[in-house]
Amino acid sequence: MRTGTIGRGLGLATALAALITGLSMAPAAAVRAAPEPAPAVAAAPAAFTHPGVLVSRPQLDFVRAKVQAGAQPWKSAYDQMMASKYASLTRTAKPRAVVECGSYSNPNYGCTDEREDAIAAYTLSLAWYITQDSRYAAKAVEIMDAWSAVIKDHTNSNAPLQTGWAGSSWPRAAEIIKYTYSGWPNAGRFATMLRDVYLPKVINGSNSNGNWELSMTEAAIGISVFLEDRTSYDRAVTKFRGRVPAYIYLTSDGALPKAAPGSGLDTRDKIIKYWQGQSTFMDGLSQETCRDLTHTGYGISAISHIAETGRIQGQDLYPEIADRLRHALGLHAKYQLGEAVPSSLCGGSLTDSLGPVTEVGFNALHNRMGIAMTNTQTLTQQRRPAGTDNLFVAWETLTHADNPN
């Protein structure tokens with residue numbers, strides 16, 4: 001009896017000593033980082049759905065029927081798209097072997113040309129599907145072939161982001177053309193371009209501002225679908241799962257936002273500096289809110305696009321990010337609609353605008369999942385038809401407004 005009591009006492013003392021030692025060894029300013037997400041085992045589908053990057057065939061059929069019926073807001077969104085420079089049948093692609101992009105695209109050697117040609121290819125592919133006029137498909141093919149014949153690399157400081165932006169638009173176009181049009185003999189060369197020039201630049205992510213990694217991950221997932229590359233798809237989904245909790249804060253995260261795996265943000269001071277000096281955190285705050293709303297919009301948009309592609313591929317990522325995404329959309333929409341910004345948020349001042357980025361997330365969360373999103377709904381409907389940011393967002397009132405598919 002006594003021996004058992006002593007043993008239990010020694011066990012308790014040993015455990016207590018270990019706990020004290022562990023506490024004394026922990027850094028005083030340590031913060032709770034996001035755990036390394038579990039590998040996305042079997043995240044990729046056994047068989048990929050095509051077309052399946054951001055838009056699916058059922059979604060496209062829904063849009064086509066609405067436009068043909070002259071229904072709103074799709075008809076006005078279609079008219080807006082068709083009146084844009086991106087739908088022009090006289091467009092001449094401007095490919096380069098090396099696209100060089102510095103910070104804020106300075107220098108800009110092919111940066112704008114590449115992004116806009118990629119958006120044009122996507123625009124023309126949508127025009128083809130809706131009208132069934134093969135001239136639009138042929139022009140999309142011409143643009144994609146021009147780039148796949150020439151480009152070899154992206155260089156300078158903005159190369160990863162530039163690759164992410166253009167690499168998000170290219171697969172959307174390629175998916176529609178390859179799987180709904182029969183006249184693309186160089187599709188294999190385009191696939192090689194995505195595999196060799198784009199995927200290596202984006203697949204490893206980035207520890208820069210969160211919109212970088214999210215845009216790069218969007219490109220990686222879209223490219224993986226087109227290439228039917230299950231390994232890269234799984235890797236990109238794992239990256240996404242680590243970045244979203246580090247980009248949008250929820251009070252359930254604790255006193256400080258989470259840090260993305262591998263970011264090195266292991267103290268309170270580092271976290272606050274990374275969050276643009278913001279030290280008061282609230283549901284839906286983004287890592288870039290206090291930088292400006294434009295970059296925040298890039299991040300929110302990429303999150304929505306990735307989740308949308310995942311859903312089309314049979315892996316619905318929305319439930320696991322829904323709370324963060326709805327709060328992020330709602331918080332930023334509220335101030336975009338004119339509510340006074342409290343002094344506790346970015347010193348009482350927010351700059352710039354979210355851009356045309358709310359349709360995809362709003363449709364998924366509100367229309368499909370039934371989540372009330374009053375501010376986001378008001379902002380989305382006020383700004384219809386949503387156009388393009390000329391970077392990687394385009395025509396989402398047309399493709400996703402009230403789209404049940």
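Guide: Buried means under 20% relative accessible area, exposed means over 50%, and partly exposed lies in between (1.4 Å probe, protein chains only). By that scale, 55% of the 405 residues of the protein chain count as buried. This is a predicted model, in which local features need pLDDT of at least 70 and side-chain atom pairs count only at pLDDT 80 or more, while totals for chains, interfaces and linings use all residues. Residues are numbered from 1 along each chain as its sequence is written, and side-chain values use heavy atoms, with hydrogens and water left out.

The chain has 15 helices and 5 strands; these are DSSP runs numbered from the N terminus, helices being H or I of at least four residues and strands E of at least two. The whole structure holds 2 disulfides, a disulfide being a pair of cysteine sulfur atoms within 2.5 Å.

One of them links cysteine 101 and cysteine 111, with the sulfur atoms 2.1 Å apart. The link is left-handed, at -125° about the S-S bond. Cysteine 101 sits in strand β3 (residues 98–101) and cysteine 111 in helix α4 (residues 111–131), so the bond ties together parts 10 residues apart in sequence. Cysteine 101 is buried at 1% relative accessible area, and cysteine 111 is buried at 0%.

Cysteine 290 and cysteine 346 are also joined, S to S 2.0 Å, in a left-handed link with -80° about the S-S bond. Cysteine 290 lies in the loop between α10 (268–274) and α11 (293–312), and cysteine 346 in the loop between α12 (318–336) and α13 (359–368), so this pair ties together parts 56 residues apart in sequence. Cysteine 346 is buried, at 14%. Counting bonded cysteines along the chain, the pattern is 1-2, 3-4.
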